[in-house]
Amino acid sequence: GLSGGDGGDGDGGHDAPAEGIAEPTVEDLRREKEVLEQQLDDSRKAMDELRRQNETLKAPTSRSWVLDVAVGECEFASAFAYFLEVQLEGHAEKRRTDVSLPTERPVFANGTLLLSVDASVKKEKLKVSAFLNVVDPSNPGSPSAKLLGIGFLSLEELQVPENATASKRLVRNVSFTRTAESEGKELTVGRSTIVMQVKALTNPDTTKSPVTVESALAPSLDKSLWQVKPFESRLRLLVHRADALPVLEETSQSVFRAALRLLQPGGHVLHEVASRSLKVVPVTSSLGQVSWNQEILLPLSAMSQSSNLQIGLALEMVSSTSDGVSTDALLNLQWSPNSLPMLSPVHLYARATGSATYSRPRPGIVVSITREPDHEALDRLGDGMSHGLEVRVHGVPPGRPLHEPVEDALVAVCPESSIGSDTRTLQVPMVTYYYDQRVDLNSFLDAHFVAASGMKCFLTPMASPSQTPQWGQFSVRCLATPSAVRNLALLLFDCSQVSTDPDAPLSGRLLGFASVDAGPLIGSQISQPLSKSFLSDLRLLEAPGASASLEVEVRVWPRGGVPAATATAAAASPVKPSGGFAALEQEAKDFRLNHELSVQLSKEFNLRAAALKRAGEEIVALRRQVQVLKNENKSLRSQIEDEERLAEEVQHRPPPEGLEKMSAAELANQLVRTLEKYREEKAKGAELARRMEDALKELNRARGLERSLDELQQVHLEQNRELQRLQEEGKKLETYRQTAKTQEKVISKLEKILENSLQEVQKAQKVQVDIERLKTENLKLRERCTTLLTRKRQDLGSDEAQELRQSLAQKDAEIGRLQKLAAELKAQHAGAPAATAHVRHATPVESGEDFPKPLANMAPVVPIAMQEQTQPLPSFQAPSQVLSADEQEQLAHVEAKRFEWEQRCVAAEQRLQMLQQQLTESSKRYGSDISSLEVEIAKKDARIKELEFLMKQHE
C-alpha cells in the first residue's frame, strides 16, 4: 500500500518484511487504514495552517512596496555642484540627493532613495533628472538650480516572484540628454549608474506584543527530542523539485507526486513510499514546476534474501475525475541498489535532451540519493577508523540573522576536509542523466562513482524565504574520519537565482560557511553515542562583519557495532537512565566533556573573531584601493577620449577662410593673440572657480550659523517658559506668607489655652487635696460623735452637750466656706470651655450647668466604703429616749447636713477626674496639631527660600 514519508529521521513508510509477498490479513489492512487516516488528518491540519499563513501574508495591509534606487558613479562634462532627482513618470512623488562639491565626478552622501510603488512596476518608467547649482554674481549667497538633462529607465524587468519579498537587483546606466537651443540637437551631457530593486516593507502588527532582546536571544523551545536510532539498511531520497511539467487548467484536480518503489525482477512491488501530492506552479505559459523539498525513505531489508531487486523512481500525475482516480507516469527510472556505494550521495538531475523533439514536454526531476547501510556494516566502511555521524540542522537563530533575506537556501554538510581554500568557487556537485539516451542508469551511476573526484556533500531541503531560514531539524547521516569530525564543514547556498547552466539546477551562489569541531564527542571508552548542540559562527562572503550563526546538532557513533542499550531502546522504548554508580560515572563524563567543549569553543571563537576582523579590514582596504584605481582609470580614459575627439574634430573641420592667404608672421601674431586670450579666459575661469569655492564655504558656514541660531532660539524659548513658571510660583509667595502668619496666631492661641488648662489642672489637684482633708476630718467627727453619744448614755451632763453644739457650729462654718469655694470652682470651670471653644471644638468643662444632660441628671455615686460609713450606727440611736426633742432634731439635722456634704464631695471628685481626663486628651490633641503645623511651616519656609534663590539666579 502507499504511505507518505516525512523529512527527517522517520521511517517514511511501512517497513515491509521479506514476507511482504504474502496476502495481508484484515487486521493489517485495518491498521494501515488507521495510519493513513491519521496521516490525512495531519496533512489537512498542516494545509489549514499554511492557508492561514498565506492569507496573512497576502493581506493588503501587511506589506508596502518601495523602489530602492541607489546612485552609483556619475560623470559630467564640466565641474559644477550637482544633485540628482528621481521620480516615477506620471507620479508626483520625488526624491533627490544632496548637493555635491564642484567636480566632474560627483559623489553623493545620501545616494539611496526610496519611492512608494506597487508590487507590479513593469509598466512604469523611472525619470532621473540632473541639476546643477549656478551662482548668480548679483546674489552669490543663494545659488539657483538649473536643469541639466533628463534620462529614463524602464522597470519592466523588476518583477517580484510569487510569495517573495524582493525582486532581483537591476544595474543600469542612464545618460542625461538635453536639446541644444541653437541647433535643436540632443546632446548627452552626462551619465550615471543606477541600481534598482523592488522591496517589501512589512508593517508591524500592533496587536502582538513586542519582541525584546531577551526573547530574540532566548533558545528556541520548538526542538523535538532527537531519538537515538541506529543506522538501518534503507535508501534516502531527497526530492527537490520537478520541472518542465505541463500547466493544467485552474479547474483541474490533477496533482503531482514522486513515488519510490522496491521492485522484484517481474515488476512486482514489494514496498512503496511516495511524496506529498502538490499542484503545478506555472513558470511560463505552457510549462511549470513542483517543489517538494521532502525526503522519503525506502527500507532495503528485503535485499538480504534476494539480490536481484530493483529500485524504481516514478514521477506521476494523479487526476481525479467523475469516473475515479487515474495515475499517469510521466517519468520512470530504475536502477540496482548495488550501483550506489554506501553513504556516498549523488545529486542527480534526470531530464531529456534539448535537441530531441517530442509531442509534449518531457519533464525533469532533481533528487539527492544516498544509500544507508546497516549499523553492523559501519565498521567495515571507510579507512577502519571512521565513525558514523549524524548532523541535525536547525537553522539561523533569530538573535543572529543573515544580513539580508534569502530564498531557496540549503545547507551542504561536507564530512571531508577537501573542500579547498577558495570557497567562492564552490558549488553543489550535480550530475545530469539524459533518460532518453541509450545509457541505462546503472551504467551511468557506475561510471560516475568511478570517476568521481569532486566534493562529497549531503544536502538539506531548500528553506522558505526568510532572513532566519529554518530547515525543520532535518537530519543527515554520513561517515567521517576523526580528522573530518574535528573540522566538519557546513556550506550555505542560495539557489533562488536562475541558473545559466541547464545541467546544474542547484548551482546557487555560496552565501557563507561554518565549521564544527565535534572531536570531543569521540572517545574510545564511550559505548553510547554522544551528541552536542553547536551554535557555529557563520562567515558570510558578502558581509564579513555580519554576526550570523548556524545552529546544528552533531551525534557521533562509537565503533564496535550497535551498543546494547541502543539496540534495546530501538526495539522497545527509549533508554531509561540506570541508577547507582554507572549513572554517576556517566554524569561525570558528560560534565567533563561539556567543560572541554566550552573551553575549546571559546578559544575557537576568539581565534575566528580575530581572523574575521583582520580579513574584514583587509577587504575594506583593498576595496578602497580598487575604487581609487578605478576612478583614476576612468578619469584618464575620459581625458584620452576627449583629446582623441578634439583631434578628430580638428582634422575633419575645414580651415577658416583667409587662413591660406595669411603669411607666417600674421599667423604667428594671430596665434600669440589667441594664446593670450586663452590665458585670460583660463585665469578668469580659475578666478570664478575660486570664487565659487569661497561662496560654497560661506554657504556652508551660513548654514552652520543658521543651525546655531535655531538652537539658540529653542534654548531661549525653553528659558522663557521656565521663567514664566517661576514667576507664577512667585505670585503665590504672598499667599504662603499670609497662611504662615495665620497659623502662627492659631498656634499662639493654642499655647495660651494649653497653659490655662495646665493651671486648671493644678487647681483641681489642690481641690482634691482639700477634699481628702475634709474626708479625714469628717471621719474624726464621726468618731467623736460616737464617743459623745456613748458618754451621754453614761452621763447626760450639760458640758458635753455644750461642746457638741460648739463643734456643730464650727462644722457649719467650715461647710459654708467649702460651699463658697465650690461655687468659685464652678465659675472658673464654666469660663474655661468657652475660651477653648473659641479656637477649636473641645469637650465641655464639668460643672453643674455645663455637663451633658445624661451626666448632669445622673445621681451621685457614693463609694461602698462611704455608704458603710454613712449608715447610722446602732449605738448612735440607742440613747434617743434620754435626749430631749430639740437635741434629737438638731442631731438629725447635723446628720442630714453631713450626708449631703458627703454626696457633694463625691460628685466634685467625679467631676474633677473627668476634667483631668478631658484636659489630658486636649493636651495630646493640641500637641499633635502643633507638631504638624510646625512641620508644614518648615516646608513652606524651605519652598520660599528655594523660589527666592531661583529668582536671584534668573535676575
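Author: Start with a cut-off: buried means under 20% relative accessible area. The model is predicted. By that cut-off, both R261 and E316 are buried.

Reader: What makes R261 and E316 a salt bridge?

Author: The closest N and O atoms of R261 and E316 are 2.5 Å apart. The limit is 4 Å, from a side-chain nitrogen of Lys or Arg to a carboxyl oxygen of Asp or Glu. So 2.5 Å passes, and the pair counts as a salt bridge.

Reader: Why is the pair of R261 and E316 said to tie parts together?

Author: R261 lies in strand β10 (residues 255-263) and E316 in strand β14 (residues 310-321). The pair therefore ties together parts that are 55 residues apart in sequence.

Reader: How many salt bridges does a search of the whole structure find?

Author: The search finds 36. One of them joins the side chains of E372 and R234, at 3.2 Å from N to O. E372 sits in strand β17 (residues 364-372) and R234 in strand β9 (residues 234-246), so this pair ties together parts 138 residues apart in sequence. Both E372 and R234 are buried.

Reader: Which residues are linked with E372 and R234 in a network of salt bridges?

Author: The network holds E232, R234, R236, E295, E372, E390, R477 and R555.

Reader: What about E542 and R509: buried, exposed or in between?

Author: Their side chains meet in a salt bridge, 2.7 Å from N to O. E542 is in the loop between β25 (530-540) and β26 (548-556), and R509 is in strand β24 (residues 509-516), so the pair ties together parts 33 residues apart in sequence. Now the labels. E542 has a relative accessible area of 47%, so E542 is partly exposed. R509 has 22%, so R509 is partly exposed too.

Reader: Why is the aromatic pair of F76 and F176 called stacked?

Author: There are six aromatic pairs by the ring rule. In the pair of F76 and F176, the centres are 5.8 Å apart and the planes make 20°. Centres must lie within 6.5 Å, and planes under 30 degrees apart count as stacked. Both values pass, so F76 and F176 are a stacked pair. F76 is in strand β1 (residues 63-76) and F176 in strand β7 (residues 170-179), 100 residues apart. Both F76 and F176 are buried.

Reader: What makes F83 and F131 a stacked pair?

Author: Their centres are 5.1 Å apart, with 5° between the planes. Those values meet the 6.5 Å and 30 degrees limits, so the label is stacked.

Reader: Which residues do ring pairs link into a cluster?

Author: F76, F80, Y82 and F176.

Reader: How do you know that K752 is exposed?

Author: The relative accessible area of K752 is 57%. Exposed means over 50%, so K752 qualifies. K752 is found in helix α8 (residues 733-794). K741, K745, K749 and K752 form a positive surface patch.

Reader: What is noted about the phi of N293?

Author: Phi of N293 is positive, about 55°, although N293 is not a glycine. N293 lies in strand β13 (residues 287-299). Its relative accessibility is 22%, so N293 counts as partly exposed.

Key. Residues numbered from 1 in each chain as written. Predicted model: local features only at pLDDT ≥ 70, side-chain atom pairs only at ≥ 80, totals over all residues. Heavy atoms only, no water. Patch = residues over 30% accessible without salt bridge, like charges linked within 9 Å, V, L, I, M, F, W, Y side chains within 5 Å. Areas by Shrake-Rupley, 256 points an atom, 1.4 Å probe, with all protein chains shown as cover. Lys, Arg positive; Asp, Glu negative; His and termini not counted. Charge placed at Lys NZ, Arg CZ, Asp CG, Glu CD. Helix = DSSP H or I, 4+ residues; strand = E, 2+ residues; numbered from the N terminus. Buried < 20%, exposed > 50% of the residue type's maximum accessible area, 1.4 Å probe, protein only. Phe/Tyr/Trp six-rings, centres within 6.5 Å; stacked < 30°, edge-to-face > 60°.
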